Every structure is written in C-alpha cells, then in structure tokens.
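Here is a short briefing on one predicted model.

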Amino acid sequence: YYAAQDSLSTLLIGLNTLEFYHEFGLSAQLDRALIYPLMKAENTLIRVDLDYLKEQIDLIEPRLQEIETKLKELVGDINWNSPAQKVALFESFNLDTEHYTDKGNMKTGVNEVNQMIQKMRNQNKEIPEFLLYLEERSMLDKLHGTFFKSLYTQALERDGRVRLNYRLANTATGRLSSGQELF
C-alpha cells in the first residue's frame, strides 16, 4: 500500500491540475506559460551594482534626516507611523483627506495625503509647509526602505547578487508580486 501511495497521489494531483487547466482555459494557459520562465529566473542570481545602491542610500539618508528635523521644527515630535497622531495633527490644521476607514477614522496613508495635496494644488489653496515635507518624506522613505536599502542589504549577503522570488497568486488583481525567499 505505501509503495503505491506516491503514485496515486501524483495521479490525483495530475487529474486535479488537468481539470483546472480545462476549467480555466486561457488563464490556465497563461499560468502554464509563465511558470517555467519564472522558475528559471528565480534560480538565477542577478548581480547588482552595490556602489550605485550605496551612493543612493548615502544621498537619501541625509535628506531624510533633514526632513525629519524640519518636520519636528514645524509640528513637534510626531510618530509618522502612527495614524492616530497624524489624524490629530491633520485635524489641528483643519485638514481632511476625505478618505475614511470602515470604523470612520480618517485615512492618512501616503496615497490619501498625496491626493489631498494634489486637490489643494488644483484649488489653488495654501498648502501647510509640513505637508510638503511629509510628501517628500514619504517618497524618499519608500525609495530608501523598500528599494535601495533592502536590495543593498540582500545583495551584501550574497556577494553582490540577489535572487528573485515571484509569487503568482498573492495579489487580487492577478499581477506578479515578489518578496523575500521562503527557503
């Protein structure tokens, strides 16, 4: 019985996969066409330019520090990762992003704040100075943390190379996502 279990399991997986393939038609064909090139790409180490990444980090970090100092001068010591503190600050300036959570709290994420700033620009309204610094801080923080610093750190661990890790089913919109290796 045990010796046949592997074969039976493989057969059942194959039959379920074939059923999926026929049921989902074009989508299954696209998945099948993508999976092998993506697997090959995941198994290939890609060399990155560590010097360039370090230069960018060295440019961004001092500017982020300048912005943090300026924001502290303008509005005090705010934890920019705290939605509650940002909401309180925005309300003290009578600012409203016009986006709310299911619980009715004002959303203060990067997209909502940027939309509010753009709307103020379009209406020729005066934009509080701290919002302009906050806009730049958000952009630089994203570049620094998500792209340059993360890529640099991972490449340092692998002699200047990184390995891609694509995920086909992690996003609701059907796009590819990527992240850290799972192994």
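How many helices and strands does the protein chain have? The protein chain has five helices and four strands. Helices (H or I, at least four residues) and strands (E, at least two) are DSSP runs, numbered from the N terminus. The model is predicted: local features need pLDDT of at least 70, side-chain atom pairs count only at pLDDT 80 or more, and totals for chains, interfaces and linings use all residues. Residues are numbered from 1 along each chain as its sequence is written, and side-chain values use heavy atoms, with hydrogens and water left out.

**Fold**
- Along the sequence, the pattern is α-β-α-α-α-α-β-β-β.
- Of the 183 residues in the protein chain, 24% are buried (under 20% relative accessible area; exposed is over 50%, partly exposed in between; 1.4 Å probe, protein chains only).
- Take contacts (heavy atoms within 4.5 Å) between residues at least 6 apart in sequence: 51% of them join residues at least 24 apart.

**Nonpolar core**
- The largest nonpolar core holds 28 residues. Such a core is a set of buried Ala, Val, Leu, Ile, Met, Phe, Trp, Tyr and Cys residues joined through side-chain atoms within 4.5 Å.
- Trp80, Leu89, Phe90, Leu95, Phe130 and Leu131 touch the most other members.
- Helices H2 (50–75), H3 (83–92), H4 (110–122) and H5 (129–157) are the elements that give two or more residues to this core.
- Beyond its neighbours within four places in sequence, Phe130 contacts Leu71, Leu74, Val75, Trp80, Leu89, Phe90, Phe93 and Leu95.

**Second largest pocket**
- The lining has 13 residues; Lys86, Gly109, Val110, Arg137 and Ser138 lie nearest the centre of this pocket.
- A pocket is an open set of points on a 1 Å grid over the protein atoms alone, where a 1.4 Å probe fits, with protein on both sides within 12 Å along at least five of seven lines; lining residues have an atom within 4 Å of a point.
- H5 gives the largest share of the lining, five residues.
- H4 and H5 each supply at least two lining residues.

**Arg137**
- Arg137 sits in helix H5.
- Is Arg137 buried or exposed? Arg137 counts as buried because its relative accessibility is 11%.
- Its side chain makes a polar contact with the side chain of Glu68 at 2.5 Å. A polar contact is a pair of N or O atoms within 3.5 Å; within protein, one must be able to donate a hydrogen and the other to accept it, and residues adjacent in sequence count only if both atoms are side-chain atoms.
- Leaving aside neighbours within four places in sequence, Arg137 contacts Leu64, Ile67, Glu68, Leu71 and Trp80.
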